[in-house]
Every structure is written in structure tokens, then in C-alpha cells.
Amino acid sequence: LGHFYKQATPDGPWTLKDKTGFMQTPQDFWNVDAADPLVHSARFFYGPMLQGRDGIGACPCCGTGVVFRRDALISLGGQSYGSITEDYNTAMNMLGSGFATMFLN
């Protein structure tokens, strides 16, 4: 709740943050063989790397596991298209338009 909303006082009402564009969540796989060197590299990306980018409000959209704020997406004219990386392009458009992006781990 705290990613999209803020509370001025502990007993005050929750209000929508003005500049939150989307929240990205990690991908995690439970059935991967421990000897698979490629899939486990995602833990670094969805761990320290995105946590660091979250600290400055600049997390990229990774497609799966993202929740967009609808009015922010509509203000950009919708999701970017015409590229195989439309998720990442949409994130860059949001950041360029002054929205913050977040990572929830």
C-alpha cells in the first residue's frame, strides 16, 4: 500500500502519491536445478540491482510482475509499442515524464 499511497500522519487518511508510475516485483523460480548457472543470475538482478534502482525511484519495468498506475499510463498515451522491449521503453517514458518507479521485494 505504501508504494502507491502515503499517509501524512499515523491516523490520517491514505492519499495517492502524485508521481508513482508503477511497481515492479521480482521473478523467482522454485523448481530450478541448483546446477543451472543462468537462472540463478536473476537473483542478483531482482535483488541488489533493482533494490538499488528503487532507492532512487528508477526501477525498470521487466514485464512480468509489474503493476502500473492506470492514470500514469494513460497520461503517456498507453504502453509503448513498436519494439520488442515495450516494457522497458514504457518505463523510460515514465521516468522521462517525471514519474517515479518502484521495486517491491
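## A nonpolar surface patch

Tyr-5, Trp-14 and Leu-16 make a nonpolar surface patch of about 280 Å². Patches are made of residues with over 30% relative accessible area and no salt bridge, where like charges are joined within 9 Å and nonpolar side chains (Val, Leu, Ile, Met, Phe, Trp, Tyr) within 5 Å. Accessible areas come from the Shrake-Rupley method with a 1.4 Å probe, and for residues only the protein chains shown count as cover. Leu-16 belongs to strand β2 (residues 14-16). With a relative accessible area of 35%, Leu-16 is partly exposed; buried means under 20% relative accessible area, exposed over 50%, and partly exposed in between (1.4 Å probe, protein chains only).

## The model and its overall layout

This is a predicted model, in which local features need pLDDT of at least 70 and side-chain atom pairs count only at pLDDT 80 or more, while totals for chains, interfaces and linings use all residues. Residues are numbered from 1 along each chain as its sequence is written, and side-chain values use heavy atoms, with hydrogens and water left out.

The protein has three helices and five strands. Helices (H or I, at least four residues) and strands (E, at least two) are DSSP runs, numbered from the N terminus. The order of the elements from the N terminus is β-β-β-α-β-α-α-β. Taken along the principal axes, the C-alpha atoms fill a box of roughly 50 × 40 × 20 Å. The protein has 105 residues, of which 29% count as buried.

## Aromatic pairs and a charge over a ring

Two aromatic pairs are found in a search of the whole structure. One of them joins Phe-45 and Tyr-46 edge-to-face, with 5.0 Å centre to centre and 85° between the planes. Rings of Phe, Tyr and Trp (its six-membered ring) pair if their centres lie within 6.5 Å; planes under 30 degrees apart count as stacked, over 60 as edge-to-face and the rest as tilted. Phe-45 is partly exposed at 27% relative accessibility, whereas Tyr-46 is buried at 11%.

Another ring, that of Phe-99, has the charged end of Lys-19 sitting over it, 4.8 Å from the ring centre. A charge sits over a ring if NZ of Lys or CZ of Arg is within 6 Å of the ring centre and within 35 degrees of the ring normal. Lys-19 is in the loop between β2 and β3 and is partly exposed, with 44% relative accessibility. Lys-19 and Ser-97 are 78 residues apart in sequence, and their C-alpha atoms are 9.5 Å apart in space.

## A salt bridge and a buried glutamine

Side chains of opposite charge can pair when their charged atoms come close. The structure has one salt bridge, counted where a side-chain nitrogen of Lys or Arg is within 4 Å of a carboxyl oxygen of Asp or Glu. Its partners are the side chains of Arg-69 and Asp-71, at 2.7 Å from N to O. Arg-69 is buried, with 11% relative accessibility, and Asp-71 is partly exposed, with a relative accessible area of 40%.

Gln-24 lies in strand β3 (residues 20-24). Gln-24 counts as buried because its relative accessibility is 0%. Its side chain reaches the backbone oxygen of Thr-64 at 2.8 Å.

## Positions compared along the chain and in space

Gly-57 is located in the loop between α1 (42-55) and β4 (66-68), and is buried, with a relative accessible area of 16%. Along the chain, Gly-57 and Thr-101 are 44 residues apart, and their C-alpha atoms are separated by 5.0 Å. Thr-101 is part of strand β5 (residues 100-103) and counts as buried, at 0% relative accessibility.

Gln-27 lies in the loop between β3 and α1. At 25% relative accessibility, this glutamine is partly exposed. Between Thr-101 and Gln-27 there are 74 residues of sequence separation, and 17 Å in space from C-alpha to C-alpha. Gln-27 and Gly-77 are 50 residues apart in sequence, with 27 Å from C-alpha to C-alpha.

Conventions. A polar contact is a pair of N or O atoms within 3.5 Å; within protein, one must be able to donate a hydrogen and the other to accept it, and residues adjacent in sequence count only if both atoms are side-chain atoms.
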